[in-house]
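Q: Here is a structure to go through. What do the labels used for it rest on?

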Amino acid sequence: MKKSLGIVGSGPTAIYILKNLAENIAIVSKELKTIYVFEKEDNAGVGMPYSEKYTEMCNMSNISSEEIPMLSQSLATWLQRQSVEHLKTLSLTPYEISETAIYPRLVLGHYFKSEYEHYQEILRNAGITMKECCNSEVVDIVKKGDIPKFELKILNKKSVECNSVIIASGHEWINDDHPEIGYFASPWPINKILPKKGDYDNYTVGVLGASLSAFDVVSSLSRRHGHFTINDSEIEYIPDKHTEEFKIVLHDLNGWLPHLQYEQKEPLREVYRHITKKTLLDLVDENGFLNLNTYFDCVCKPTLRKALYTDELLEIVALLKNEDFGILEFVKKMSEMHEYSDPFKGMQSELKEAQKAANLEEPVYWKEVIDDLMYTLNFHAELLSAEDHYIFNTEVMPFLLNVIAAMPLESAKIMLALHRKGKLELKKGAVKILSANSNDKKETVIAVASEKISYKKFITCSGQKSISLDNFPFQSLVTSGTISPAKSKVANIKKMYALIGDKSQDNLIKNEKNWYLRLKGIGVSTNFQIIDVQENPVPCVYDLSFTHTSGLRPYSFGLQACELASSLAVGHLINEFKADVE
């Protein structure tokens with residue numbers, strides 16, 4: 001008897017799911033009768049970051065066509081096939097199209113929509129019923145007995161039963177805005193933070209974060225208070241009248257502005273580019289752990305030395321030859337190279353080098369290599385001990401996110417133009433929000449060190465956070481024990497205590513034999529099957545949402561990770577189909 005599949009979400013991850021299903025159409029068409037795609041918005045096949053509801057044309061992507069995992073055609077090829085009239089609606093001309101150009105997010109949204117419809121048609125032509133369910137927010141998933149059957153409960157609509165489910169729900173913003181005091185827990189949708197037409201934010205706006213989403217705020221707000229022109233080949237910001245007091249202050253813990261976009265020899269990541277799976281698994285010790293330092297010494301160091309030598313960073317090459325120069329020392333050293341007393345002067349200096357490299361098409365090899373190496377580690381992170389998970393998340397990830405979530409060069413020029421006009425500043429230090437709800441001042445109050453600062457408008461742009469089981473959107477899976485919290489086995493409890501201190505010891509749990517550290521999010525297998533409380537993978541249900549799985553897969557962000565996660569999940573589902581046939 002043929003089965004049904006429910007896909008929760010319709011953004012890029014769902015599109016790559018459909019692609020992988022279409023590429024296995026011979027067996028999929030024999031096993032699947034119906035595919036449901038559930039989308040809570042009224043437009044499927046786009047994805048939140050690329051949707052007209054959430055973003056606008058001045059919000060740029062940070063990925064070029066050549067960096068997007070291949071669908072039926074590349075983004076640049078798709079654009080080249082569009083009419084001049086359609087390109088005009090996207091603020092593009094045929095002369096601007098290339099595989100290396102950076103486009104507004106809305107452009108990617110149109111491309112993804114087209115690819116979504118393409119793969120739907122392939123599946124439909126193979127005899128599979130495609131049911132697109134827009135305005136259909138899945139609010140719960142109920143496992144029905146021991147057989148693979150799941151009830152998907154839809155807000156204000158009838159439930160749907162499916163034999164298998166893939167959760168591809170993308171971003172989730174669980175904290176509340178408090179516009180009455182100008183506090184916004186996220187910048188999305190972008191229009192909620194913008195002044196009404198004819199009004200101005202003629203005061204200082206605070207932003208938590210200095211990354212790409214923070215730049216979206218900077219880009220959109222600055223254009224509501226002025227405009228940009230080209231003056232002697234340099235971008236200049238011209239403020240509107242009555243905006244003398246308008247200014248944006250970015251708050252970043254380390255006082256870092258993002259690294260800038262860099263040339264790449266290999267724009268697409270590969271898990272086994274620098275090591276084979278067998279060689280990597282041979283590094284696992286007798287206790288079943290892949291030690292973080294072992295991975296860095298045996299896999300990262302030789303590859304990084306070659307890359308850094310090519311980049312002519314010979315001092316770092318020499319340091320990597322030292323046995324006591326581990327991953328934390330590497331992170332510290334490379335971070336120091338990006339630290340400036342004046343981060344905007346640092347960005348200006350890095351911009352000159354980045355433009356020179358771009359003109360000469362010279363890759364920055366070490367950044368490309370560290371991205372590959374950490375991508376490899378991410379998809380084997382279940383082998384790390386709890387201690388190494390903790391170190392990786394607290395010490396390594398902030399550095400990696402700053403390096404790899406690189407800012408397009410044109411965006412950097414806009415930031416520098418605003419800074420020159422006194423409209424953009426960066427403040428270093430940890431931020432504690434003291435008041436994010438109603439108060440007499442009708443302002444948001446934060447503390448940075450011993451200083452208290454009040455903002456009439458304050459926007460949190462610190463990125464998507466992992467959810468806990470309490471915030472997991474499908475609570476019946478939690479209460480039934482069908483999912484479990486992500487956790488990692490402790491290698492040495494004394495070392496673990498020393499790392500986390502007294503405040504985090506509630507995250508330590510113990511069974512009859514071992515200690516574990518509770519990680520963020522939920523437990524999933526290497527194929528993204530959810531793991532139940534008995535530590536068994538649950539047949540026919542997968543969770544690919546980064547907000548749910550980033551505890552075990554902390555480096556799984558971006559379209560390339562979406563594609564690989566989709567491939568792993570669909571590959572496993574197809575193997576289950578084959579097993580049923582046999």
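A: This is a predicted model. In β22, I522 is the bridge partner of P485.

Q: What makes β20 and β22 a strand pair?
A: Pairing requires at least two bridges between two strands. β20 and strand β22 (residues 515-522) have 4 bridges, in the antiparallel sense, so they count as paired under the cut-off of at least two bridges.

Q: In which order do the 3 strands of the open sheet lie?
A: The order is β20-β22-β21, and the pairing is antiparallel. β20 (485-489) and β21 (508-510) are the edge strands, as each pairs on one side only. On average, neighbouring strands of this sheet are turned by 45° against each other, direction ignored.

Q: Which strands does helix α13 touch?
A: Helix α13 (residues 386-404) packs on the sheet and touches β20 and β22. Its direction makes about 115° with that of β20. Helix α16 (residues 493-500) lies across β21 and β22, and runs at about 155° to β21.

Q: Why does S65 count as buried?
A: Buried means under 20% relative accessible area. S65 has 2% relative accessibility, so S65 counts as buried. S65 lies in the loop between β3 (60-64) and α3 (75-80).

Q: What does the side chain of S65 reach?
A: The side chain reaches the backbone nitrogen of A76 at 3.0 Å. The limit for a polar contact is 3.5 Å between N or O atoms, and the 3.0 Å between S65 and A76 lies within 3.5 Å. Not counting residues up to four places away in sequence, S65 touches S74, L75, A76, S98, E99 and A101.

Methods:
Residues numbered from 1 in each chain as written. Predicted model: local features only at pLDDT ≥ 70, side-chain atom pairs only at ≥ 80, totals over all residues. Heavy atoms only, no water. Helix = DSSP H or I, 4+ residues; strand = E, 2+ residues; numbered from the N terminus. Buried < 20%, exposed > 50% of the residue type's maximum accessible area, 1.4 Å probe, protein only. Polar contact = N/O pair within 3.5 Å; in protein donor to acceptor, adjacent residues only side chain to side chain. Contact = heavy atoms within 4.5 Å. Axes fitted to C-alpha atoms, helices over the stretch in contact; angles between N-to-C directions.
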